[in-house]
Amino acid sequence: MRESEHWVGRAIRRKEDAALVAGQGCYTADLPAPRHVRFVRSPVAAGRIAAITASPGAQMFTAADLAGVAPLRPLIEKFGYVPITQKILADGVVRYCGEPIAAMVAATEAEAEDWAEQVTIEIDSTTPVTDALAALDPAAPIVRADAPGNLVLDTRFASATAAAEPALRLRSTIRSRRQNASPIEPRAAHAAFDRASGRVTLTCTTQTPHLMRTAIADLIGMPESELRVIAPDVGDGFGQKMSLAPEFVVLVWLARRLRTTLAWTEDRRENLMASFHSRDMSVTLEGGFAPDGRLLSIEADVIANVGAYAPYPNTAAVEPLMSLAELPGPYDFAAYACRARGVVTNTCASAPYRGVARPAITLAMERLMDKAAAALGLDPADIRRRNLVAAFPHTSPTGLVYDEGSYRETMEMALAAAAVPAFRARQAALRRENRYLGLGIAAFCERTGYGTPAFAARGMAVTPGWETVALSIDPSGFVEARIGASPHGQGLATTLAQIVADALGVTPDKVRVIHGDTDRTPYGFGTFASRSLVLSGGALTFAGRALRAKLGAIAAGLLEADAADIEIRDNVARIAGTDRTLPVAALARASYHQAHRFPALSPGLSETATYDPAGTFSNACHVAVVEVDVETYAVRIERFIVAEDAGRLINPMIAEGQIRGGVAQGIANALFEEIVYDGDTGDILTTTLADYLLPTCREIPPIEIHHLETISDATVTGAKGLGEGGTIGAPAAILNAINDALAPFGAVLDEIPATPLRIHAALALARS
Amino acid sequence: MQLTVNGARYDIDVEPRRTLADALRLECGLTGTHVGCEHGVCGACTVIMDGEPIRACLIFAIQADGAAIRTVEGLGGSALQEAFMAHHGLQCGFCTPGFLMLATAVLERDPVASDETIIEALSSNLCRCTGYAGIIAAVMAVRDQGIR
């Protein structure tokens, strides 16, 4: 007998919230420590370190002290990737403004900062290069000798299919400017040395505790069992906190060396300069179209500015390779060729940030679609109708398999909500009043919840993917789910409790999800790539089924019934159709303390399970309606519509929260956020939040969300991931809307953020 | 010097350059107030000082000598906290104490504040997770309750 779903699908309140709203969360910087660390950072973008001098009395550590620590060298063994290395503290050479050179240790943060300010560093500056195209020039300065031609990647893909001769060949280049994920909680680490065991407990702002543990132990050359990594409450991450911070390695090394406990917190300036950047890309597409608008072929040239170093574990190839693999997006065509380059420059390393490559490739494809529509005299919706994948499973030109989705349906849903004909009438009327409104569409699919088979295609030395869970019920009937994923705001303690509750027949308040502690949880890869609900949820479904069977057998034994007649719901087991019941707590107690009564069963209630699927694709369509003020060049977003399909929504409230947060970041990517370097000196110019503009509630309009649920076999829970979708479609929808608004002027803008200055420039160019 | 926080007195010994945010977190052990930028933009450090919402990272502790400070730890199960939970006004929770104190001050000053006043006030603080909809909904719900 199978209980119907009772908790999955409900917008129940989050278990995480009560502590957080009371200010009782525990974030890394909340932990006290007798010693604090402050890093001295390079004031210049490139040069040779001639001398580092501290004031007398300072406790300073430099690369010379860390000589026994291996350099970071994340690896991909395919595609000709050049594995550039990074010394944990700069050793002889600095390659970007903000690179850590020395660590100062003192009793308080303020004191450590004082000592750091007194350090003098003599650097013989060399000429930096911060722009990718400039770095590709043969006359450009060499950023690092181990990356010839300033390239870590120059790889090509070509599908077997040759393109039919197109009626229209259209070339389009987009430029996506550099972003910083900017979690509100800056990165922090707290390394505690335990004198009794010699172990170090590293509490830190990470999305991937086990990977951090393995990496740091490897680099320091210590047994992994001597390191415990804890991700406490983490104040969001968006990918920035999945990459290993060299500073974390220094903290653990110092804890062991000094046999004490130390803490480090970066400030906002350090985060803007020296955490991880992303999205600094140019994507050029040459599309071949038939006269009716069918897309026949795409030739792509992707250039990613990857910075001076490579993030662990994803490597510096992550953005260009993911672009190459996923650029075809939701469109049905076979002839695809792509060149993808990763270019090193004297800037902060690029690493995954929510959406990773897909915001830029979606921007490229969606701008191309609009331009093709205009060239062929087609409606932008029609050209997409002609090309969106409609039959599943569908294999993309790069071999990705799209499971059941609703690519066309979400577009129709979003367009219906936008009431396009009425909009067009209004747009025309307002143009006569010198007001310029525009509508922009972005259709996309989002690869989520993928396991080892998918990651293996990338050839990373660290191939993540699978997730293991340990599910147990204690003698009191309370359930504990220990997971290798590591949530930092996604509400997994709630949504996974809903899944477990339904699997076992208990209530979510009886389920505690344990995460973020490598001493307590099974090895896992953490939370990123819109994977955790799918993978941990799937594994918990398997473990839940096994435990449910055991509970049924115990109930059958105790109630003298057939296991098939046992229903378990709301923490109570019942012989179906009768009043004969036992609480789950009684079943649990018997399992542990009366095990002799169940000789066919192992004692206790504990199951582990692993889920490692090929992956699944969610899909969505974003439609933006904007007004561009042609005197101030400001953009006002009048409406933002999302129609999404992520399969079964485990908790609709949490799902919508993910969409809203992602769209907000996508809007900011489209209009406001940009990390800027000085082209001559290589100095980073955006070092405060007055320069790097994060959106306030004023900049984010109400977002209208519509849902479809396509259930596919590719995911055991029926749920697909959706955490990144908001960032993927929003920039394209907004940029297309801006271009639609400016169409009467013949102005074209293919760069984000679409700042007033850039809009002004596009209009000026069109007038000339 | 003395800090009076949530009605309790803390006798602390700090350098003149110690910010109120750091004094609350370190000397008073009240880590609910968070530090996000240290230059007055993100508002994660917002507390209430003599009835006004202020950025604790921009005030020296000594400037709060003699003032009544309220932090998130002193809210004690307020309607706003309840509303944040009901309306999904938080995800990672890092900006939440700042928003709670900001909204508390706004609604105490004007319990029937208009939508525009609320949105204008809430634009003082940054959230990176929620896209703001849940936060705005929560504050307006409490305002609506106050009207009834």
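Which residue forms a salt bridge with A:Glu266? The partner is A:Arg187, and the closest N and O atoms of the two are 3.0 Å apart. A salt bridge here is a side-chain nitrogen of Lys or Arg within 4 Å of a carboxyl oxygen of Asp or Glu.

Before going on, a word on the model: it is predicted, so local features need pLDDT of at least 70 and side-chain atom pairs count only at pLDDT 80 or more, while totals for chains, interfaces and linings use all residues. Residues are numbered from 1 along each chain as its sequence is written, chains are lettered from A in the order in which they are written, and side-chain values use heavy atoms, with hydrogens and water left out.

A:Glu266 sits in the loop between strand S12 and helix H6 of chain A, and A:Arg187 in the loop between strands S8 and S9, 79 residues apart. (Helices are DSSP runs of H or I with at least four residues, strands are runs of E with at least two, and both are numbered from the N terminus.) A:Glu266 has 2% relative accessibility, so it counts as buried, and A:Arg187 is buried at 2% too. Buried means under 20% relative accessible area, exposed over 50%, and partly exposed in between, using a 1.4 Å probe and protein chains only.

| Pair | N to O distance | Relative accessibility |
|---|---|---|
| A:Arg339 and A:Asp154 | 2.8 Å | A:Arg339 22%, A:Asp154 34% |
| A:Arg639 and A:Glu704 | 2.7 Å | A:Arg639 24%, A:Glu704 25% |

A:Arg339 lies in strand S15 and A:Asp154 in strand S7, so their bridge ties together parts that are 185 residues apart in sequence. A:Arg639 is in strand S27 and A:Glu704 in strand S28, so that pair joins parts 65 residues apart. Over all chains, the structure holds 60 salt bridges.

**Where the chains meet**

Chain B gives 41 residues to the contact and chain A gives 48, with contact meaning heavy atoms within 4.5 Å. Together they bury about 3,700 Å², 59% of it on carbon and sulfur atoms. Buried area is the accessible area (1.4 Å probe) that two parts lose on being put together, summed over both. In chain B, B:Met85, B:His88 and B:Arg128 lose the most area to chain A, together 23% of what that side buries.

Six salt bridges run between the two chains. In one salt bridge, the side chains of A:Arg698 and B:Glu116 meet at 2.4 Å, N to O.
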